[in-house]
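This report looks at how one chain meets its two partners. Please have the sequence and the structure at hand.

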Amino acid sequence: MEITVLPAISELLLLLLILAGILATGIGYIWLNYKIWKYPFYLPLTLLFGISLGGYTYANGASQLAAAFFGTIPFLIGLYFKRGLKGDFKSSTYFLAPAVIGVIFLFLYPLVFEFYLSFRDLSLRTFSDWITTGHVPLADNYGLSNYIEVFQNRATGQSFIFVLWRTIMWTAINLFFHLSVGLVLALLLNAKGVKGVAIYRTLLTLPWVIPQVIAVLVWRADFNESIGFINQFITVVNQLFSFEWSGNVIMPLTWIGFEPKAWFLDGSALFTAACIVNIWLGIPFMMINFLGALQSIPHSVYEAASIDGATWMQKFRHVTVPLLKPVMVPASILGAIWTFNNLNVIFLMTDGGRYEGADILVTDLFKQSFTYYRYGFAAAYSFVIFAILCILTVIQFRVTRPRHASTT
Amino acid sequence: MRFSNFLKGALAGLAIAGAAHAAPTKISFWEQDSSEAGKEMDKWISVFEKKNPEYKIVRQHYENEELRSKFLRSSVTGDGADIVYGPNDLAGVFNTAGVIRKVDDLIPANKFNPAALNIVKLKGSTWGIPLSEGNHLMVFYNKKLVKDAPKDFATIIENGKKMTNPAKNEYGLAMFQSEPFWFVPLMGGFDAWPLETKNGQTKVTINTPETVKALQFLVDLKNKHKIIPADCDYDCAKSMFLSGKAPYHINGDWEANAMREKFGADLGVAPLPLVNETGKRATPLLGGRFLFVNKAITDKKLAGVKKFVEFITSKNVQLRMATRLDRIPATLEARNAPELAKVKTLKPLIDSAEFAKASPSEVEMRAAWDGLRIMVQRAMSGKETVAQAVKTGQKAADEALSAIQTEKKTKAH
Amino acid sequence: MLLLPRGFSMSKSLSKRFLQLSVIHLLLTAACITAIFPVARVVSISFRNTDTVATSDAFNFPPRGEATFGDYVEFFSQAVIPYELFEVKETPDTTVTVVEEDPILVDPDDPFASLDELDAVDAPRKWYSNYTDLFTKHLFAQWIYNSLVISFSAAFIGVFLAATAAYAFARFSFPGKKLAGGFLFTTQMIPAPMMIIPVYLVVKSLNLGNTYAGLVLAMSVTTLPFSIMVLKGYFETVPKSLEDAARVDGCSPISAFFRILLPLSTPALAIAFLFSFTSAWTDFLLASTLIDDVELRPWTLGIMEFSGNFDARWGLFAAGSVVIAIPSMMLFLYSAKYVVSGLTLGGVKG
């Protein structure tokens, strides 16, 4: 099939033109503000400008919310100039402008929009009202019913607290194995005198580069209860480690739960399976990160340590760990956030939410809201997840920060 | 075209007004059919455009769920496709959201098979234009392993037991056993049905003695007769049958072509068998593929859509659909055509459709699916007894139902 | 580490070292096997014609007492490299085509006749057909091209926006700096499904729906927070005196930034670029929200065409995945060392 090349390029050139236009407008706007911020009519003027901007957007078919948002922004900027900047910080303001414009459009406005929606009853039934009139009715209980419902127990016996607990377990288990196995593999690859590191490294990164959909699908086929490989593997390994004792076959590995399972119909087994798959997928990223950090530690440091008579363990504790920490801390924090919000793996492992018992908060959000297109409820649920994650991250910062701060 | 749209927006006023004038009216067309069907549709479109150069039809393919959420989302900004082609249950979702228009004025009702029209009739109006009937389950059997078509489930169980050998991964019956779409036919065989509409209010009826019997029957296939594996999803069932590890396979008409390609003359196709206990046939859900029209469509485009609909429901196109895509045509003209009787591959599909029940298009069915899925899974995994699972299923469906019907409730109070 | 301990006799330490190395190789090999095992299956599926993922062949493992060492070896080796992979070439698919006379289309004026002739010439299926079909029958090359264009431009624009903002964060103080930094870090925690509708509405209202441009814009902004964190950290390590000297010579802050700081920060810019590129290259959600046309889809979206609910062509999907994995791996191996130094340099400081 032939490729069409040209539209993309011309379109992108146009995009650059638009961006330059937006940027020039933004810079010009700031310049103007610096010129006139001192005058007494400044604040009323920004107010007027905001109102006309809001009116303009509203007249052009935007929703009331969007109009209100873009109507207030100029006034807020005006306040910031008058109260905060006071004619100073000129360079920083110009430098920030491009990013701020982007963030306002694609982070701040969506957040405000979703916050508004979380108090509204936007679902299939009210959808046509929204399209035709732009109006969405307030949810029950002064708009709080969406939030109340998030915390209510479901008919299937699944409570919010339990899903939250499972999400935290999911994050902790995955993070632990990603970090520890990644670190061990990186140490092994970085060991002196090991040949063929390039080959090992290439093979070990395979799980990261293969598209997740197909990787998870293959895993799912392997986890099949009757014909999948995993259960066969478990049976064979159990057989390998079995022995006979007074006429009975004893399989010691089954004592620790190592036995064939109904991986999809049994909720906790499904959760285990999802963890295994996600651990498998995520190890390469951490491994390569740690490997990079280890390679940046000069060998002379170790040599100096061995001259001082340090043992392997001591070198690891006093040389490797402190030097790895600047990588480990941010990697674990970001890794935790990304794992907490990881929609893909569980969604695909449960066959798009078909199997129950392994849902974490994000997949539950997806299932509860988008099967029935309950947008208002979805917004409320998202905010709850968002708030929980913020709190957990603050805690994680508190735990890792003090020692980290002392090294910088 | 897209590029010039973009220009218009970006440099408002500088757009070339002349170019837009002569250009044909663009009708955007979203579908979620198979790739073979996609190729066939491209042919329809190119023949249609040759006849009607004043219209241009732009086809886009999406996956099922993506099509739904995308169409809803785009409708907010008025950018949804002008026509959407998909299974009948789209009618419930789109109609509830108020994003599609009635089509009674677009088509003569007497042109179509009444059963097909009935599927997308909600609240007394027709919401989709039927193109084909189908999407129903049937039994595929491997003639190398079993000679005759199964008449009743007793035959399947009897023959299946002979074929079952778990050590070799061989089982009597391969089907997507924990999916409610495969369970609802059994419900029909036991006189149970998941939805009930009374006085305009639709309720989910899972917790009934009949459902208990049907579910017990399914569980027995696994636990008592042991002719189905511990767990088997769609892919597993299909691959078991294809590799000759199962003599019987329950799957939909959409796989008929792939099965024929694989087995050739060794493939047998039969309607779902009788349930011995009641003497009734298991009733697959008969859906179909329909064309839905955007509510916000302009009159100019609507005229084009009308012409397009006339074209694709013409005898020639309908018969092409039957021969090339294994679809049961929806127009009476094509169904009664002598040519259709000659299409051997289609006959078993029509035969099995005879015993089918119309697939509910109401949005409430989504809640029923959710409840049924939980029920079947819990019962099949042994996590709950059949009686418990039925109760859980009902509860889950009711909860889901209240999520869909929130507004109704608040208005009533 | 794992250096030779001092004070050992040569032969003893040599043998110990040999032991160490073999343990290391053993562990690494085990890890590689685990990494390869599902990937090898993906490769074997990519040659299949039947479009199922499951392998229904049970490995008939002998019962306890009868299993020999060879059986175990065979079992595990088959798990890692599916035998199917080797059989595939020897047994080319001979699809049973039901040759039947087309009973209907005998009409010479049939408008479809000429169209049907076109696809009658279908080459026979080869064992590698899934790979060739990707490029001859599907728009796979176009999708890869789209992904490249989108990822490159998103990374360029993203890095530009991030660099200027990071400079302001690193070099200047301004009221609300902490708040702004905190907000940027918080954006990392937004659950992805939350952004679908509002981002769609914003991009649509800018009249950039269903265009490369809209997608590029959205992608470049989503990676902004991470890039700003990385670049800010790096800028802080560049001595301020260099710019001060330039400022004394009459340079404006803007030209000091472009002429002095940016050339010095190429490693950090590379990190931010590669990070933005990778996340754009693998993005699915934004693309599926903003792009409609099949000719505009990036590969992540395009490849999903082969995964239809009841029309899945996993053979094609797997072949596409293998094709994609190769450049992704090169990108990943190359970029990973930059990303790590980015984490080290930038740190995550809220």
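## Two interfaces of chain C

D292(C) and K70(B) are joined by a salt bridge with an N to O distance of 3.3 Å; the term stands for a side-chain nitrogen of Lys or Arg within 4 Å of a carboxyl oxygen of Asp or Glu. Between chain C and chain B there are 2 salt bridges. The model is predicted, so local features need pLDDT of at least 70 and side-chain atom pairs pLDDT 80 or more, while totals for chains, interfaces and linings use all residues. Residues are numbered from 1 along each chain as its sequence is written, chains are lettered from A in the order in which they are written, and side-chain values use heavy atoms, without hydrogens and water.

On the side of chain C that touches chain B, α8(C) gives the most, 5 residues; helices here are DSSP runs (H or I, at least four residues).

The table lists the contacts (heavy atoms within 4.5 Å) and the buried area (accessible area, 1.4 Å probe, lost when two parts are put together, summed over both).

| Pair | Residues in contact | Buried area |
|---|---|---|
| Chain C and chain A | 112 residues of chain C, 110 residues of chain A | about 10,300 Å² |
| Chain C and chain B | 52 residues of chain C, 54 residues of chain B | about 4,200 Å² |

Carbon and sulfur atoms give 81% of the area buried between chain C and chain A, and 56% of that between chain C and chain B.

Chain C and chain A share 1 salt bridge. D222(A) pairs with R41(C) in a salt bridge, with the closest N and O atoms 2.5 Å apart. Helix α1 (residues 10-45) of chain C supplies the largest share of the side touching chain A, 18 residues.

Notes:
Helices (H or I, at least four residues) and strands (E, at least two) are DSSP runs, numbered from the N terminus.
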